[in-house]
Amino acid sequence: MEEVTATVVMEGAVVGPEGAEATTAEKKGFKVVVAVDDSENSHYALSWAIDYILANRREDCQLVVLHVQHFVETTFMYPVAGHAVYAPTLSMDAVRKAHEENSKRVISRAVDICKSKHVDALTAVADGDPKDAICEAAEKLHADLLVVGSRGLGMIKRAFLGSVSDYLAHHAKCPVLIVKPPKGSHK
């Protein structure tokens, strides 16, 4: 199994509708970590968590929106005509920059969902394989509940493709809530 570098980078301020700021240490209580990616299902899970979990516990609840970007190997190589060729540094920098831009876009959309529902949220970005990085980040963030979306894969597709939510349900060290998309929204 490869080593995961799931360094969690927390934004220092709480993002809220009034622009109020608080450090991570100031916020106590029940911590809900919602993992998001660029899928509609993950943003639906975030919205659902705000509506059904945070709405009932707003005073003592802290929301952390977590995104995992794929780790870019700096020694990436690819075979060409039987020879190993290393990717140029500029190519790797471009890939890394594209991942960072995607992370900013995903987090920005999630923060917009939070603001539209008048909920404060911290954001965190981790690097690595999503399965392992989400587990590790939830542990480092001391999550009381981990919320993830479900792609709604059938049994056969899930067996071949694997399921991040299934992995998290079995390996996370906190309770995991898997939010399925509403009927008719998945294909």
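**Helix packing and salt bridges in a predicted model**

Modeller: In this predicted model, helix 3 and helix 5 cross in a right-handed manner. The contact involves Lys131, Asp132, Ile134 and Cys135 from helix 3, together with Val164, Tyr167, Leu168 and His171 from helix 5.

Biologist: Why is helix 3 called oblique to helix 5?

Modeller: The two helices, residues 130-140 and residues 164-171, pack at an angle of about 40°, with axes 9 Å apart. Angles under 35 degrees count as roughly parallel and those from 65 to 115 as roughly perpendicular; helix 3 is therefore oblique to helix 5.

Biologist: What makes the pair Arg109 and Glu40 a salt bridge?

Modeller: The N to O distance between their side chains is 3.0 Å, and the criterion is a nitrogen within 4 Å of a carboxyl oxygen. Arg109 belongs to helix 2 and Glu40 to helix 1, 69 residues apart.

Biologist: Why is Glu40 called exposed, and why does Arg109 count as partly exposed?

Modeller: Exposed means over 50% relative accessible area, and buried means under 20%. Glu40 has 55%, so Glu40 is exposed; Arg109 has 33%, so Arg109 is partly exposed.

Biologist: How do you know that Glu139 and Lys173 meet in a salt bridge?

Modeller: Their N to O distance is 3.7 Å, and the limit is within 4 Å. Glu139 lies in helix 3, whereas Lys173 lies in the loop between helix 5 and strand 8.

Biologist: What makes Lys173 exposed?

Modeller: Its relative accessibility is 70%, and the cut-off is over 50%; Lys173 therefore counts as exposed.

Methods: Residues numbered from 1 in each chain as written. Predicted model: local features only at pLDDT ≥ 70, side-chain atom pairs only at ≥ 80, totals over all residues. Heavy atoms only, no water. Axes fitted to C-alpha atoms, helices over the stretch in contact; angles between N-to-C directions. Helix = DSSP H or I, 4+ residues; strand = E, 2+ residues; numbered from the N terminus. Parallel < 35°, antiparallel > 145°, perpendicular 65-115°, else oblique. Left-handed = near helix turned anticlockwise from the far one by under 90°. Contact = heavy atoms within 4.5 Å. Buried < 20%, exposed > 50% of the residue type's maximum accessible area, 1.4 Å probe, protein only.
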